[in-house]
Amino acid sequence: MIPFHRRKDGRVSARFRADEAQLLRSLAEEAVELARASAADDGSADPALRRLLPDAYPDDPEASAEFRRFTAAGLAERKEAGARTLIDSLGEPAAGSVVVVLDAEQATAWLRTITDLRLVLAARLGIHEDGDEGDVHDDESAMQRAVYDWLAAVQEFLVLAVRPRR
């Protein structure tokens, strides 16, 4: 990846290798599916869904269920729309590299979606706060951890690029 940078026209841009773009696209497609599942979820045991839509009132299951009933669908729709923005802005990865150019609204959607992707990976790895190593015990979990760390770098470069200049 060639990191995000601010262009003269105010938009931000980055270049991803084809395999990186495909990985982002695949993760965003999974995010769409998770967003749909979270809309129908009633607080299941899936830790990834609980991280995406946490209980508003952890000490009051009844109030949490009521809050979820009124907010889950709208929140899930926004999460799905953000993931679709990421997918659409990547286009169809081909051989070589993919250049992404984002306006402010698209950059915000990317940031929210990357946050969601990291939350899902953190839940699957047992990462509860910054600095946790998580449960990396085999090749698959090691790959998930590497993706988690890579997404953190993408997110950091994007944050730096969209930050207002002083």
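The dialogue below turns to the strands and then to the pockets of this predicted model.

Trainee: Which strand does β1 join, and in what sense do the two run?

Mentor: As a general idea, side chains in a regular strand alternate between the two faces of the sheet. In this structure, β1 (residues 2-6) is joined to β2 (residues 12-17) by three bridges, and the two strands run antiparallel.

Trainee: With which strand does β2 pair over six bridges?

Mentor: That partner is β3 (residues 97-102), again in the antiparallel sense. Here V12 stands opposite L102 of β3.

Trainee: What is the volume of the largest pocket, and which residues lie nearest its centre?

Mentor: Its volume is about 250 Å³. Of the 14 lining residues, R78, K79, G82, A109 and R112 lie nearest the centre. The elements giving two or more residues to this lining are α3 (61-90) and α4 (104-125). By class, the lining holds four nonpolar, five polar and five charged residues.

Trainee: Which element gives the most to the lining of the second largest pocket?

Mentor: It is α4, with four residues; α1 (18-40) and α5 (139-162) each supply at least two. The second largest pocket has a volume of about 200 Å³, and its lining includes L27, L117, R124 and M143. That lining divides into seven nonpolar, one polar and two charged residues.

How values were computed. Residues are numbered from 1 along each chain as its sequence is written. This is a predicted model: local features need pLDDT of at least 70, side-chain atom pairs count only at pLDDT 80 or more; totals for chains, interfaces and linings use all residues. Side-chain values use heavy atoms; hydrogens and water are left out. On a 1 Å grid over the protein atoms alone, a cavity is a set of points where a 1.4 Å probe fits but cannot get out, and a pocket is an open set with protein on both sides within 12 Å along at least five of seven lines; lining residues have an atom within 4 Å of a point. Grid points are joined across faces, edges and corners, and a volume is the space filled by probe spheres set on the points. Ala, Val, Leu, Ile, Met, Phe, Trp, Tyr, Cys and Pro count as nonpolar, Asp, Glu, Lys and Arg as charged, and the others, Gly among them, as polar. Two strands pair if DSSP finds at least two bridges between them.
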